[in-house]
Amino acid sequence: MAIDIKSSQWESLVAGKKLVVADFWAPWCPYCMRLKPIFESIANDYTQQMEFVKVNVDEEPNIASKYGIQGIPVIKFFCEGKEVGEVVGYVPKEVLKQEIDKTASNAPSCLANTSMRK
């Protein structure tokens, strides 16, 4: 399940030991709204392996600014507080799943904390 994240929760969550998948979005963005059910579905599929969060850029401009978000939707991946990948724009579900799997396999310290170990 993806959770809406607030600035007060951001740093501790991103610095955690699991891979964090963050969807930067806004309710007025049509591509964000098309991506929303895909992101939610994938979050349900991977809920035990990693953290899925949603960042409304209108409500949390400081988080968006910190990571240089200028257009949305953007999905960023974080491992132990460091950005380790991103997907810009709307993508189909299979493409997003491939990016998540690829990012997880390239983030060994976070991968060790998931059930996706190979």
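Mentor: Let's begin with Glu11. Its relative accessible area is 45%, so it counts as partly exposed. Keep in mind that this is a predicted model.

What does Glu11 pair with? Its partner is Lys66, and the two form a salt bridge. The closest N and O atoms of Glu11 and Lys66 are 2.6 Å apart. A salt bridge needs such atoms within 4 Å, so this pair qualifies. This link joins distant parts of the chain. Glu11 sits in helix H1 (residues 7-14), while Lys66 belongs to helix H3 (residues 61-66). The two residues are 55 residues apart. The general idea is simple: side chains of opposite charge can pair when their charged atoms come close.

How many salt bridges does the structure hold? There are nine. One network of salt bridges links Asp4, Glu40 and Lys54.

Now step back to the whole chain. It has five helices and five strands. Along the sequence they come in the order β-α-β-α-β-α-β-β-α-α. The radius of gyration is 13 Å, close to the 13 Å that the globule rule gives for 118 residues, so the chain is as compact as a globular protein of that length. The C-alpha trace spans about 40 × 30 × 20 Å along its principal axes. Take the contacts with a separation of 6 or more: 71% of them join residues 24 or more positions apart.

What about the charges overall? The chain has 14 positive and 15 negative ones. Their mean positions lie 4 Å apart. As for the surface, the chain exposes about 6100 Å². Carbon and sulfur atoms supply 51% of that area. Of the 118 residues, 46% count as buried.

Next, look at Lys76. Is Lys76 buried or exposed? Its relative accessibility is 4%, and the cut-off for buried is under 20%, so Lys76 counts as buried. Lys76 meets Glu83 in a salt bridge, at 2.8 Å from N to O. Glu83 has 37% relative accessibility, so it counts as partly exposed.

Lys76 also forms a salt bridge with Glu86. Here the closest N and O atoms are 2.6 Å apart. This pair, too, links distant parts of the chain. Glu86 lies in strand S5 (residues 82-88), and Lys76 lies in strand S4 (residues 74-79). They are 10 residues apart. Glu86 is partly exposed, with a relative accessible area of 39%.

Stay with strand S4, where Ile75 has its place. Ile75 has a relative accessible area of 1%; buried means under 20%, so Ile75 is buried. Which residues does Ile75 contact, leaving aside neighbours within four places in sequence? Among them are Val21, Ala22 and Asp23. The list also includes Leu35, Phe39 and Leu96. Ile42 and Ile75 are 33 residues apart along the chain, with 13 Å between their C-alpha atoms.

Now check the loops on either side of S4. Pro73 is in the loop between H3 and S4. The peptide bond from Ile72 to Pro73 is cis, with omega near 5°. Glu80 is in the loop between S4 and S5. Its phi is near 50°, a positive value in a residue other than glycine. Glu80 has a relative accessible area of 35% and is partly exposed.

Pro27 lies between strand S2 (20-25) and helix H2 (30-45). At 47% relative accessibility, Pro27 is partly exposed. Setting aside residues up to four places away in sequence, Pro27 touches Met33, Asn56 and Asp58. Pro27 and Lys54 are 27 residues apart in sequence, and their C-alpha atoms are 11 Å apart in space.

Definitions and conventions
Residues numbered from 1 in each chain as written. Predicted model: local features only at pLDDT ≥ 70, side-chain atom pairs only at ≥ 80, totals over all residues. Heavy atoms only, no water. Helix = DSSP H or I, 4+ residues; strand = E, 2+ residues; numbered from the N terminus. Rg over C-alpha atoms; globule rule 2.2 N^0.38 Å. Buried < 20%, exposed > 50% of the residue type's maximum accessible area, 1.4 Å probe, protein only. Contact = heavy atoms within 4.5 Å. Areas by Shrake-Rupley, 256 points an atom, 1.4 Å probe, with all protein chains shown as cover. Lys, Arg positive; Asp, Glu negative; His and termini not counted. Charge placed at Lys NZ, Arg CZ, Asp CG, Glu CD. Salt bridge = Lys/Arg side-chain N within 4 Å of Asp/Glu carboxyl O.
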